[in-house]
Amino acid sequence: MPGGRLTQQERHQIAVGLADSLPYAEIARRLDRPTSTITREVMRNGGPNAYRADLAHRATERRAHRRRPATPRTAPQAAGRNDEAIAEYEETLTTVLMSSGLPKMTARVLTCLFTTDAGSLTASELAQRLQVSPASVSKAITFLESQSLVRRERDERRRDRYLVDDELFFQATLASARANDQLVQAARQGVAILGPDTRAAARLENIARFLDFISESITRAAVQAREVLHTGPARDE
């Protein structure tokens, strides 16, 4: 059934689909499953290059056997919210963030901050909600800060609180553009060293020109769209 747990046979079909380089959406269509289910299944079991059906099935069985009631890892929810749906969404968002290149713990921390109404938590609150060690949270936060994806501030009790807010998306986009600028400089350094008349230098110059254009476009678009981050959703009159 589309809403039930994946069977061992379905996992073998996922493995076959990955071996044939099928996109997750196509594998999901063939199994009559949501694409998010397939994406989550693959990413939690080694990723597309390391997925093994039998190992994934055994890992799922082990998780089911050791699963026990635990302290809720999400913030208290407003009345009317479906806790089960929220938990599933958090898992889906974490998987998507992992697909974009974030390590698993880093993705979990960012998801936790995104889905908390206040948009901020202390390290101890994050560790409690995610049921991990403070050291794991600290490592994830360090990475997120380096990418301008979270910021910290002191609360009235002089505790560090980690925040996600609208402005951070703007800053993270600019940070991405700056990273491109570093690649442009490195590529053009290679052009000078390898010699402008070589094929390698021509390749590096093309890369530099491409990234230079992308960086300029990203920065211009971010500045133009910045106000969108501070504008509430349109409401029907």
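Q: In which helix does Q9 lie?
A: This is a predicted model. Q9 belongs to helix α1, which covers residues 8-19.

Q: What share of the contacts with a separation of 6 or more comes from residues 24 or more positions apart?
A: In this protein that share is 54%.

Q: How many helices and strands does the protein have, and what pattern do they follow?
A: There are ten helices and three strands. Along the sequence the pattern reads α-α-α-α-α-α-β-α-α-β-β-α-α.

Q: How much of the protein counts as buried?
A: The figure is 35% of the 237 residues. The accessible surface comes to about 15200 Å², and carbon and sulfur atoms account for 52% of that surface.

Q: Why is helix α3 described as largely enclosed?
A: Count its buried residues, where buried means under 20% relative accessible area. In α3 (residues 35-43), seven of the nine residues are buried, so the helix is largely enclosed by the rest of the structure. The buried residues are T37, I38, T39, R40, E41, V42 and M43.

Q: Which residues of helix α7 are buried, and what covers them?
A: Start with the geometry of a helix. An α-helix has 3.6 residues a turn, so residues three or four places apart point the same way. In α7 (residues 123-130), the buried residues are L126, A127, R129 and L130. Their cover includes α6 (104-114), β1 (120-122), α8 (134-146) and β3 (160-163).

Q: What follows α7?
A: Q131 does, and its phi is positive, near 55°.

Q: How many aromatic pairs are there?
A: A pair of aromatic rings is described by the distance of the centres and the angle of the planes. Here the count comes to zero aromatic pairs.

Q: What lies over the face of F170?
A: A ring can also be read against a charged side chain. R226 lies over the face of F170, at 4.0 Å from the ring centre.

Q: Which residues line the second largest pocket?
A: The lining consists of S146, Q147, L149, A172, T173, A175, S176, R178 and A179. Helix α9 (residues 166-194) supplies the largest share of this lining, six residues. The space in the second largest pocket is about 170 Å³.

Definitions and conventions:
Residues numbered from 1 in each chain as written. Predicted model: local features only at pLDDT ≥ 70, side-chain atom pairs only at ≥ 80, totals over all residues. Heavy atoms only, no water. Buried < 20%, exposed > 50% of the residue type's maximum accessible area, 1.4 Å probe, protein only. Helix = DSSP H or I, 4+ residues; strand = E, 2+ residues; numbered from the N terminus. Contact = heavy atoms within 4.5 Å. Areas by Shrake-Rupley, 256 points an atom, 1.4 Å probe, with all protein chains shown as cover. Phe/Tyr/Trp six-rings, centres within 6.5 Å; stacked < 30°, edge-to-face > 60°. Lys NZ or Arg CZ within 6 Å of the ring centre and 35° of its normal. 1 Å grid on protein atoms, 1.4 Å probe; cavity = no way out; pocket = protein on both sides within 12 Å on 5 of 7 lines; lining within 4 Å. Points joined across faces, edges and corners; volume = space filled by probe spheres on them.
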